[in-house]
Amino acid sequence: MGLRVVIMEPDRDDRTMLMKLVGDLGHEVSIASGKEYCRAVQSSSGQCPLSEPCCDLKIINNSQVGESGLELISWQQRHGCMISPENSAVVAEKRSNDLSMKARRLGSRTFFKPFLVKELVDWVYQVKKSKEKVRPDDRW
């Protein structure tokens with residue numbers, strides 16, 4: 001069973017590439033050009049109204065309007081997002097030790113453009129394996 005993945009990337013070409021890459025791995029991909037996909041952002045209460053995560057994995061461009069991708073992930077956690085920061089990644093244009101350190105403290109992953117596709121594929125595979133371990137055994 002594939003993962004449900006949200007890709008938040010404003011650049012159309014990068015969004016298409018990520019969508020094809022993750023989709024070809026057998027995962028269900030939703031695309032967003034901004035943070036409008038987030039139910040907490042949409043909610044009048046500012047809290048996530050869902051009782052289960054809306055997706056298994058999110059990939060966010062770090063240069064979002066008015067905030068960074070890491071700030072968005074942190075904001076979502078404070079507002080009831082049930083997607084683990086470990087299942088979140090930011091993609092950045094420029095390599096930055098500060099960004100890497102902040103992501104590690106949050107528990108998220110960073111990918112700096114241009115990145116090796118294998119690195120992203122390995123991370124997606126790692127998240128999928130960890131999700132499979134926590135799912136109940138269907139044989140019983």
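1. Start with strand 3. Leu-57, Ile-59 and Asn-61 point one way from this strand, Lys-58 and Ile-60 point the other way, and all are buried. Buried means under 20% relative accessible area, with a 1.4 Å probe and protein chains only. Strand 3 spans residues 57-61 and is mostly covered, with five of its five residues buried. Strands (E, at least two residues) and helices (H or I, at least four) are DSSP runs, numbered from the N terminus.

2. A word on the basis. This is a predicted model: local features need pLDDT of at least 70, side-chain atom pairs count only at pLDDT 80 or more, and totals for chains, interfaces and linings use all residues. Residues are numbered from 1 along each chain as its sequence is written, and side-chain values use heavy atoms, leaving out hydrogens and water.

3. Now the neighbours of strand 3. Strand 1 (residues 4-8) runs parallel to strand 3, joined by four bridges. Two strands pair if DSSP finds at least two bridges between them. Val-5 stands opposite Leu-57, and Val-6 has Lys-58 as its bridge partner. Strand 6 (residues 88-92) also pairs with strand 3 in the parallel sense, over four bridges. There, Ile-60 is partnered by Val-90.

Note on methods
Buried means under 20% relative accessible area, exposed over 50%, partly exposed in between (1.4 Å probe, protein chains only).
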